Amino acid sequence: MPVRTDKGMDLSALAPWISRQVETLLAQRGHAWLLQGPSGLGQLELADALVRTWLCDAPTPQGACGQCVSCHAIDVHTHADLAVLMPETVMIERGWPLSEKAQADIDDKKRKPSREIRVESMRGVIEFAQRTSGRGRGKAVLVYPAERMNQVTANALLKTLEEPPGDVRFVLASDAAHLLLPTIRSRCLTHVMVWPEHAEAMAWLTGNGLSEQDAQTMLHAAGGRPAAALAATTAAASNAKSWKLLPKAMVKGDVGALADVPLPEAIARLQKLCHDVIAMQVGASPRFFAAADLPTRPLAISALTRWWGQLVQSARSADHPLNAGLAAESLVSSAREALNSKN
Ligand SMILES: [Zn+2]
């Protein structure tokens, strides 16, 4: 399945229902838009397309050209006249550079990346708004997800929205606009995200590599929101892949294979693995893994039953381990030992 990157989001890659909304919004005047609706309808894609067009050297009523210096600068996240205001976790996930200071603090482990839009970032944006535009096509501020501003940050933005310093335009994208300050909402033109037609959502999902049947199922499960359906499919595929690779990872003692898995879940997975390995050794069929993914060479049954015992014991204290990291390491090392035993 093709993995979507955030770079190079040219117009041809936009879903048709997003393109239609770009056209509708461009036909209206407005220096501050609030795009709202449930997640998975493409708020960020629409916001991105809008700021691109505002800054583009050769815009059309359909959107940005995708070819000019400005469009390329946005592709590589270095446009001097575009400020994005996102939580640091979202910036990192989407490959946007953090401020030097923020990056240094995180590198030095002084603090973790913030899940909120920090007031320091907002201050940076206020300074940005007061500067003269570098390329002479005005400036743009993209805020996403706008509901992740706290009270202080939101108030700072409000001031700028109330007295915009000249040539700066704003687009706020939100999955939960009801959480925004009413004063912020009232300062923006609101656009409620349009839902795609069923057929176009299906076409978009199959175009992104899903089979007709998977697209149908996932779209239904996501309540008709195509981006949410695609995200769930990608997550499921990556889970399926890591499940398939778990036995080999444990033979190698690869702790990374269980990173980010909560301890009780890690133990449950290892119990399933241990069960199946023992089954294979005694000539029974595995229940949780494909036989082809499991070790087939003879192992010491005594080592496997000892491993099983350790897992049962770990399961008893899984909810309150003294140190989850150490616990995970010791689980993986027991697994490796059992899986490398010799009969
Ligand atoms: Zn352009």
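Start by selecting H198, A201, M202, L205 and T206 in α9, which meet E212, A215, Q216 and L219 in α10 (contact means heavy atoms within 4.5 Å). That contact divides into five nonpolar, three polar and one charged residue (Ala, Val, Leu, Ile, Met, Phe, Trp, Tyr, Cys and Pro count as nonpolar, Asp, Glu, Lys and Arg as charged, the others, Gly among them, as polar).

Before moving on: this is a predicted model, where local features need pLDDT of at least 70, side-chain atom pairs count only at pLDDT 80 or more, and totals for chains, interfaces and linings use all residues. Residues are numbered from 1 along each chain as its sequence is written, and side-chain values use heavy atoms, with hydrogens and water left out.

Now show the zinc ion. Its protein donors are C56 (SG), C65 (SG), C68 (SG) and C71 (SG), lying 2.3 to 2.4 Å from it (donors are N, O and S atoms within 2.8 Å of the metal, or 3.2 Å for Na, K and Ca; water is not among the atoms, so sites may look incomplete). Along the chain, the donors of the zinc ion are spaced C-x8-C-x2-C-x2-C. For reference, the ideal angle for four tetrahedral donors is 109.5 degrees.

Last stop: select I18, Q21, V22, L25 and L26 in α1, which meet E45, L46, A49, L50, T53 and W54 in α2. Here the contact residues divide into eight nonpolar, two polar and one charged.

Terms used:
Helices (H or I, at least four residues) and strands (E, at least two) are DSSP runs, numbered from the N terminus.
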